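Take a look at the model first, then read on.

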Amino acid sequence: MPAFGPALVFPTLVSDGAAPRCYLRCYPRRMVTKRSVSLDDEVASAVEEAAKQDGVSFSAWLSSAAEKQLRVRQGLRGVAAWEGETGSLSAEELAAGEALLARLRSGVSGVASRVRRR
């Protein structure tokens, strides 16, 4: 069975059971806020399975999904602001963007390396 938690992240630093040390090892770069959420049973089951397949905790999977959704929202706001300054995207620009997205999603070799990243 693969290791999870601190043993996976820091294999040489095995926790002695002290919660604060384990907490710091699990979340070394930032603090976390615990929340109680309600999910539809089917959604919760699907998240549980996806988290298991990805080898992460339920909470980590939900956190990652939330981060992705927040990046999408930020991107949409950025496009709206850009369109506010320059006008709406043309049909040709939209088609070019859709074509690039399709190539990126298909995993065509070399396409992702040409996309500028921060």
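The protein chain has six helices and zero strands, where helices (H or I, at least four residues) and strands (E, at least two) are DSSP runs numbered from the N terminus. Read from that end, the elements go α-α-α-α-α-α.

A word on the source: this is a predicted model, so local features need pLDDT of at least 70 and side-chain atom pairs count only at pLDDT 80 or more, while totals for chains, interfaces and linings use all residues. Residues are numbered from 1 along each chain as its sequence is written, and side-chain values use heavy atoms, leaving out hydrogens and water.

Here are the whole-chain numbers.

| Property of the protein chain | Value |
|---|---|
| Buried share (under 20% relative accessible area, 1.4 Å probe, protein chains only) | 5% of 118 residues |
| Share of contacts (heavy atoms within 4.5 Å) with a separation of 6 or more that come from residues 24 or more positions apart | 6% |

Now to helix 5, residues 91-106. Its 16 residues reach 22 Å from first C-alpha to last, close to the 22 Å expected at 1.5 Å a residue (that is, 1.5 Å times one less than the number of residues).

Over to Leu39, which sits in the loop between helix 2 (19-26) and helix 3 (41-54). Leu39 is partly exposed, with a relative accessible area of 32% (partly exposed runs between the buried limit of 20% and the exposed limit of 50%).
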